[in-house]
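Reader: I am new to this structure. Please show it to me, and then let me ask about it.

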Amino acid sequence: MANRSSNTSAVPEAKGALNRFKYEVANEIGVPLSDGYNGNLTSKQNGSVGGYMVKKMIEAQERQMSGGSTGQY
């Protein structure tokens with residue numbers, strides 16, 4: 001069976017910005033995310049970072065689509 005990882009970037013150039021965004025979100029919600037290995041964090045903590053990132057990106061896109069001010073992300 002071929003290795004078909006779905007963990008690839010649609011826009012590789014955005015990787016750095018998304019990584020900075022991840023740390024910003026983790027800081028906002030109080031998750032102690034650090035560079036490198038984060039095996040000490042729970043699934044709930046890691047999931048909350050990803051979920052909040054998606055929430056903020058959707059809100060920014062909705063603002064942009066409605067003609068409002070553009071969001072940071």
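Reader: Which residues line the largest pocket?

Author: This is a predicted model: local features need pLDDT of at least 70, side-chain atom pairs count only at pLDDT 80 or more, and totals for chains, interfaces and linings use all residues. Residues are numbered from 1 along each chain as its sequence is written, and side-chain values use heavy atoms, with hydrogens and water left out. On a 1 Å grid over the protein atoms alone, a pocket is an open set of points where a 1.4 Å probe fits, with protein on both sides within 12 Å along at least five of seven lines; a lining residue has an atom within 4 Å of a point. The lining of the largest pocket is N7, T8, S9, K15, L18, N19, K22 and M53.

Reader: What is the volume of the largest pocket?

Author: Rolling a probe the size of a water molecule over the atoms shows where empty space is left. A volume is the space filled by probe spheres set on the grid points, which are joined across faces, edges and corners. For the largest pocket this comes to about 210 Å³.

Reader: Which helix gives the most to the lining of the largest pocket?

Author: Helices are DSSP runs (H or I, at least four residues), numbered from the N terminus. With four residues in the lining, the top contributor spans residues 15-29. That is helix α1.

Reader: How do the lining residues divide into nonpolar, polar and charged?

Author: Ala, Val, Leu, Ile, Met, Phe, Trp, Tyr, Cys and Pro count as nonpolar; Asp, Glu, Lys and Arg as charged; the others, Gly among them, as polar. The lining of the largest pocket then holds two nonpolar, four polar and two charged residues.

Reader: Is M53 buried or exposed?

Author: M53 lies in helix α2. Buried means under 20% relative accessible area, exposed over 50%, and partly exposed in between (1.4 Å probe, protein chains only). Because its relative accessible area is 12%, M53 is buried.

Reader: How many salt bridges does a search of the whole structure find?

Author: Side chains of opposite charge can pair when their charged atoms come close. A salt bridge needs a side-chain nitrogen of Lys or Arg within 4 Å of a carboxyl oxygen of Asp or Glu. E24 pairs with K56 at 4.0 Å between the closest N and O atoms. The search of the whole structure finds two.

Reader: What is the N to O distance in the salt bridge of K56 and E28?

Author: Here the side chains of K56 and E28 meet. The pair links distant parts of the chain, 28 residues apart, with K56 in helix α2 and E28 in helix α1. Shared partners join E24, E28 and K56 into one network. The N to O distance for K56 and E28 is 3.0 Å.

Reader: Why does E28 count as partly exposed?

Author: E28 counts as partly exposed because of its relative accessibility. The value is 41%.

Reader: Which residues form the nonpolar patch on the surface?

Author: Nonpolar patches take Val, Leu, Ile, Met, Phe, Trp and Tyr with over 30% relative accessible area and no salt bridge, their side chains joined within 5 Å. Areas come from the Shrake-Rupley method with a 1.4 Å probe; for residues, only the protein chains shown count as cover. Helix α2 (residues 43-65) gives the most to the patch, with three residues. With about 310 Å² of accessible area together, the members are L18, V54, M57 and I58.

Reader: Where is D35?

Author: D35 counts as exposed because its relative accessibility is 68%. D35 and Y23 are 12 residues apart in sequence and 9.2 Å apart in space, C-alpha to C-alpha. The place of D35 is the loop between α1 and α2.

Key: Helices (H or I, at least four residues) and strands (E, at least two) are DSSP runs, numbered from the N terminus. Patches are made of residues with over 30% relative accessible area and no salt bridge: like charges are joined within 9 Å, nonpolar side chains (Val, Leu, Ile, Met, Phe, Trp, Tyr) within 5 Å.
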